[in-house]
Amino acid sequence: MVTSMGSICSTLGIDRVDMLGRIILIEEQHGCDANFLTNAVISNALEKDYGICFVLFHNTFNHYHNVGMRSGYNLMTLKEKGKVTFVEPMKELMHNVNEICMDTDIMDVGNRILSDLNNTDKTVVDNMFKLLKNSYKEMTSQNEKVLIIIEDISHLSDLGLSFRDSMHYVKCIRSLMESYPMTQLCITVHTYQNNVQSSIPDFISNNLKYIADLVLIAEPLTTGHSSDASGKVTVNWNIDSVRIEYHWTEKMIYLYKLLDWHVKIFAPGATTISVT
């Protein structure tokens, strides 16, 4: 059975639950691909007339546009209509460093991450948040509801930022949500699971699990490669009232198979797994 984005949204439960003010964490463990989960969140938000504010640390906007075209929506067109905006902090940082090293006169530092190479880590995080906030306010001027997607927050550690810096960034976004309750937040993080105590991305993810309303974990199969499944997804709703209303268990586990143009998702035992 080939599964549409609508069916995946139904499996996760996000099509039935009011996600305003909610936080979704998507943990992508090393060795698997959780892009289809992010795509499901995006599809569900567009279906419910959200504006979307992308903060892209890993993939480019063109990547999400190409993925969206396969799922039936055009992010380029939606951007032109004021339904989508995006920032790419890693590209902005690269441009800032190039301009500083070339001694380029910087007239406007208000929308920059780096004004000089002596910025403190806290300044970098605060300026990164300002970049997001400006993009977010652009969305709220035309859309009542907004989804913020922080794509692969683990890249903050690649910049040399500490766990505390990363959580400060999340704290700033949560404060923004308190001021603008018509907001949904989705954070993705790539983890490694080889040394949870020393890996900052793993530590970030484990702490985000305490504040997220919905935790989605994509992980490789423990039995190895399979011709029938690409990995396993754990769905964990941390809201008791939601689980009671829909008779969901605390953790629901599914298998998924990535195809060229589609994703197949099913309960364990619904198919025979052939390990190779």
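The legends below describe close-up views of a predicted model.

**Figure 1. Overview of the protein chain in the predicted model.** The chain has 276 residues, of which 49% are buried, and its secondary structure comes to ten helices and nine strands. Among the contacts with a separation of 6 or more, 69% are accounted for by residues 24 or more positions apart.

**Figure 2. The second largest pocket and its lining of 20 residues.** This pocket holds about 280 Å³ of space, and the residues that lie nearest its centre are Glu28, His58, Asp152, His155 and His190. At least two lining residues are supplied by each of strand S1 (23-29), helix H2 (35-47), helix H7 (155-158) and strand S5 (183-191). Sorted by class, the lining consists of nine polar, six nonpolar and five charged residues.

**Figure 3. Asp152, in the loop between strand S4 (146-151) and H7.** Asp152, one of the residues nearest the centre of the second largest pocket, has a phi near 60°, which is a positive value in a residue other than glycine. Its relative accessibility is 9%, and because buried means under 20% relative accessible area, Asp152 counts as buried.

**Figure 4. The largest cavity, with about 40 Å³ of space.** The structure holds one cavity of 30 Å³ or more. The residues that line the largest cavity are Asn35, Thr38, Asn39, Ile42, His63, Tyr64, Val67 and Tyr73, and the elements that give two or more residues to this lining are H2 and helix H3 (61-71). H2 provides the largest share, four residues. The lining of this cavity has four polar and four nonpolar residues but no charged ones, whereas the lining of the second largest pocket includes five charged residues.

**Figure 5. The largest nonpolar core, with 44 residues.** In soluble globular proteins, nonpolar side chains tend to be buried together. Inside the largest core of this model, the residues with the most contacts are Ile14, Ile24, Leu37, Phe54, Val235 and Trp237, and H2 gives the most to this core, with six residues. A second, separate core of 36 residues includes Val125, Leu156, Met167 and Ile187.

**Figure 6. Trp237 and the residues it touches.** When residues up to four places away in sequence are not counted, Trp237 touches Leu12, Gly13, Ile14, Val17, Met19, Asp213, Leu214, Val242, Arg243, Trp248, Glu250 and Met252. Of these neighbours, Ile14 is also listed, together with Trp237, among the residues with the most contacts inside the largest nonpolar core.

**Figure 7. Helix H8 (residues 163-179), a helix of 17 residues.** From its first C-alpha to its last, H8 reaches 25 Å, close to the 24 Å expected at 1.5 Å a residue. The buried residues in H8 are Asp165, Ser166, Met167, Tyr169, Val170, Cys172, Ile173, Leu176 and Met177. One of them, Met167, also belongs to the second, separate nonpolar core.

**Figure 8. His247, in the loop between helix H10 (240-246) and strand S8 (252-258).** His247 has a positive phi of about 60°, although it is not a glycine. The relative accessible area of His247 is 71%, and because exposed means over 50%, His247 is exposed. Asp152, which also has a positive phi, is by contrast buried.

Definitions and conventions:
Residues numbered from 1 in each chain as written. Predicted model: local features only at pLDDT ≥ 70, side-chain atom pairs only at ≥ 80, totals over all residues. Heavy atoms only, no water. 1 Å grid on protein atoms, 1.4 Å probe; cavity = no way out; pocket = protein on both sides within 12 Å on 5 of 7 lines; lining within 4 Å. Points joined across faces, edges and corners; volume = space filled by probe spheres on them. Nonpolar A, V, L, I, M, F, W, Y, C, P; charged D, E, K, R; others polar. Core = buried A, V, L, I, M, F, W, Y, C linked by side-chain atoms within 4.5 Å. Buried < 20%, exposed > 50% of the residue type's maximum accessible area, 1.4 Å probe, protein only. Contact = heavy atoms within 4.5 Å. Expected span 1.5 Å × (residues − 1).
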